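These are my notebook entries on a single chain. I looked up its helices, a surface patch and several individual residues.

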Amino acid sequence: MARRQKQKLMFHFLIFVCFFIGILLGLYGQELAYFLNEKVYVAIYPIYYLTASTITSISMFLVSLLFVYIAAKKKILSKTISSRYAWSIFISGFFISFWSMFVLAMWWG
(Lines give C-alpha, C1' and ligand atoms only; values in the text may rest on other atoms or scores of the structure.)
Protein backbone atom coordinates (compact mmCIF):
# COMPACT_ATOMS: atom_id res chain seq x y z
CA MET A 1 0.00 0.00 0.00
CA ALA A 2 1.35 3.42 -0.86
CA ARG A 3 2.24 5.85 1.87
CA ARG A 4 -0.42 8.34 0.78
CA GLN A 5 -3.06 5.63 0.88
CA LYS A 6 -2.04 4.66 4.42
CA GLN A 7 -2.27 8.29 5.54
CA LYS A 8 -5.70 8.59 4.00
CA LEU A 9 -6.88 5.42 5.71
CA MET A 10 -5.39 6.55 9.02
CA PHE A 11 -7.18 9.91 8.87
CA HIS A 12 -10.50 8.25 8.02
CA PHE A 13 -10.03 5.90 10.96
CA LEU A 14 -9.05 8.65 13.42
CA ILE A 15 -11.92 10.88 12.38
CA PHE A 16 -14.41 8.04 12.71
CA VAL A 17 -13.10 6.85 16.09
CA CYS A 18 -13.07 10.33 17.65
CA PHE A 19 -16.51 11.07 16.25
CA PHE A 20 -17.94 7.75 17.45
CA ILE A 21 -16.49 8.16 20.97
CA GLY A 22 -17.93 11.67 21.10
CA ILE A 23 -21.37 10.36 20.14
CA LEU A 24 -21.29 7.54 22.68
CA LEU A 25 -20.10 9.73 25.55
CA GLY A 26 -22.56 12.47 24.66
CA LEU A 27 -25.61 10.23 24.43
CA TYR A 28 -24.81 7.68 27.13
CA GLY A 29 -22.92 9.83 29.61
CA GLN A 30 -25.61 9.58 32.25
CA GLU A 31 -25.67 5.78 32.16
CA LEU A 32 -21.88 5.74 32.22
CA ALA A 33 -21.87 8.01 35.27
CA TYR A 34 -24.24 5.71 37.13
CA PHE A 35 -22.23 2.63 36.12
CA LEU A 36 -18.93 4.14 37.23
CA ASN A 37 -20.44 5.24 40.53
CA GLU A 38 -21.92 1.82 41.28
CA LYS A 39 -19.20 -0.48 40.01
CA VAL A 40 -15.88 1.35 39.85
CA TYR A 41 -15.44 3.99 42.52
CA VAL A 42 -18.31 4.77 44.86
CA ALA A 43 -16.68 7.71 46.67
CA ILE A 44 -17.02 10.02 43.64
CA TYR A 45 -20.49 11.40 42.97
CA PRO A 46 -21.95 10.54 39.56
CA ILE A 47 -22.28 14.21 38.66
CA TYR A 48 -18.50 14.46 38.40
CA TYR A 49 -18.39 11.46 36.09
CA LEU A 50 -21.11 13.08 33.97
CA THR A 51 -19.18 16.35 33.85
CA ALA A 52 -16.05 14.51 32.71
CA SER A 53 -17.91 12.54 30.05
CA THR A 54 -19.59 15.71 28.72
CA ILE A 55 -16.29 17.56 28.48
CA THR A 56 -14.64 14.55 26.86
CA SER A 57 -17.50 14.21 24.36
CA ILE A 58 -17.25 17.83 23.28
CA SER A 59 -13.47 17.48 23.08
CA MET A 60 -13.78 14.42 20.84
CA PHE A 61 -15.99 16.34 18.42
CA LEU A 62 -13.45 19.16 18.33
CA VAL A 63 -10.55 16.73 17.85
CA SER A 64 -12.32 15.02 14.96
CA LEU A 65 -12.90 18.44 13.36
CA LEU A 66 -9.20 19.16 13.87
CA PHE A 67 -8.30 15.92 12.09
CA VAL A 68 -10.59 16.87 9.19
CA TYR A 69 -8.91 20.28 9.00
CA ILE A 70 -5.41 18.78 9.03
CA ALA A 71 -6.32 16.21 6.38
CA ALA A 72 -7.83 18.90 4.17
CA LYS A 73 -4.85 21.21 4.68
CA LYS A 74 -2.38 18.45 3.75
CA LYS A 75 -4.64 17.51 0.81
CA ILE A 76 -4.98 13.95 2.06
CA LEU A 77 -8.77 14.15 1.78
CA SER A 78 -10.55 15.84 -1.08
CA LYS A 79 -12.51 19.03 -0.51
CA THR A 80 -15.87 17.34 -0.93
CA ILE A 81 -15.06 14.54 1.51
CA SER A 82 -13.58 16.90 4.08
CA SER A 83 -16.52 19.31 3.82
CA ARG A 84 -18.98 16.43 4.23
CA TYR A 85 -17.07 15.22 7.26
CA ALA A 86 -16.91 18.71 8.74
CA TRP A 87 -20.60 19.45 8.27
CA SER A 88 -21.66 16.04 9.62
CA ILE A 89 -19.46 16.39 12.67
CA PHE A 90 -20.51 19.99 13.24
CA ILE A 91 -24.26 19.41 12.96
CA SER A 92 -24.48 16.16 14.89
CA GLY A 93 -21.85 17.31 17.38
CA PHE A 94 -23.81 20.49 18.01
CA PHE A 95 -27.06 18.66 18.78
CA ILE A 96 -25.43 15.91 20.84
CA SER A 97 -23.35 18.44 22.78
CA PHE A 98 -26.45 20.54 23.35
CA TRP A 99 -28.26 17.49 24.70
CA SER A 100 -25.41 16.45 26.99
CA MET A 101 -25.01 20.03 28.25
CA PHE A 102 -28.76 20.13 28.95
CA VAL A 103 -28.56 16.89 30.92
CA LEU A 104 -25.51 18.16 32.79
CA ALA A 105 -27.27 21.43 33.63
CA MET A 106 -30.26 19.51 34.95
CA TRP A 107 -27.98 17.44 37.15
CA TRP A 108 -26.20 20.49 38.53
CA GLY A 109 -29.57 22.10 39.22
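**Entry 1. After α3.** I began just past helix α3, where Lys75 takes a positive phi of about 60°. Lys75 is not a glycine, although its phi is positive. I placed Lys75 in the loop between α3 and α4. At a relative accessible area of 63%, I recorded Lys75 as exposed. In these notes, buried means under 20% relative accessible area, exposed means over 50%, and partly exposed lies in between (1.4 Å probe, protein chains only). Helices (H or I, at least four residues) and strands (E, at least two) are DSSP runs, numbered from the N terminus.

**Entry 2. Basis of the values.** I am working from a predicted model, in which local features need pLDDT of at least 70 and side-chain atom pairs count only at pLDDT 80 or more, while totals for chains, interfaces and linings use all residues. Residues are numbered from 1 along each chain as its sequence is written, and side-chain values use heavy atoms, with hydrogens and water left out.

**Entry 3. Helix spans.** I compared end-to-end distances with the expected span, which is 1.5 Å times one less than the number of residues in the helix. For α1, the 25 residues should span 36 Å, and I found agreement because the end C-alpha atoms are 36 Å apart. Helix α3 has 28 residues and reaches 40 Å from its first C-alpha to its last, close to the expected 40 Å. Helix α4, with 30 residues, reaches 41 Å between its first and last C-alpha, close to the 44 Å expected. After α4 comes Gly109, whose phi is positive, near 85°.

**Entry 4. Buried side of α1.** Which residues of α1 are buried? I listed Phe11, Ile15, Cys18, Phe19, Gly22, Ile23, Leu25 and Gly26. The buried residues of α1 pack against α2, α3 and α4; contact here means heavy atoms within 4.5 Å. Val17 is also in helix α1, but I recorded Val17 as partly exposed because its relative accessible area is 26%.

**Entry 5. Buried side of α4.** The buried residues of α4 are Ser82, Ile89, Gly93, Ile96, Ser97, Ser100, Val103 and Leu104. They pack against α1, α2 (29–40) and α3. I then looked at Ser82 individually: its relative accessible area is 7%, so Ser82 counts as buried. The Ser82 side chain reaches the backbone oxygen of Lys79 at 3.1 Å. I counted this as a polar contact (a pair of N or O atoms within 3.5 Å; within protein, one must be able to donate a hydrogen and the other to accept it, and residues adjacent in sequence count only if both atoms are side-chain atoms). Leaving aside residues up to four places away in sequence, Ser82 touches Val68, Ala72 and Leu77.

**Entry 6. Positions in α3.** How accessible is Ser53, buried or exposed? At 5% relative accessibility, I recorded Ser53 as buried. Ser53 is found in helix α3 and touches Leu25, Gly29 and Leu32, not counting residues up to four places away in sequence. Ile55 is also in helix α3, yet I recorded Ile55 as exposed because its relative accessible area is 51%. Ile55 and Leu9 are 46 residues apart in sequence and 27 Å apart in space, C-alpha to C-alpha. Leu62, in helix α3 (residues 46–73), has 54% relative accessibility and therefore counts as exposed. I noted that Leu62 and Phe19 are 43 residues apart in sequence and 8.9 Å apart in space, C-alpha to C-alpha.

**Entry 7. Nonpolar surface patch.** I found a nonpolar surface patch formed by Phe16, Phe20, Leu24, Leu27, Tyr28, Trp99, Phe102 and Met106, with about 840 Å² of accessible area together. Patches are made of residues with over 30% relative accessible area and no salt bridge, joining like charges within 9 Å and nonpolar side chains (Val, Leu, Ile, Met, Phe, Trp, Tyr) within 5 Å. A salt bridge is a side-chain nitrogen of Lys or Arg within 4 Å of a carboxyl oxygen of Asp or Glu. Accessible areas come from the Shrake-Rupley method with a 1.4 Å probe; for residues, only the protein chains shown count as cover. Helices α1 (3–27) and α4 (79–108) each supply at least two residues of the patch, and α1 gives the most, with 4 residues. Met106 lies in helix α4, and I recorded Met106 as exposed because its relative accessibility is 55%.
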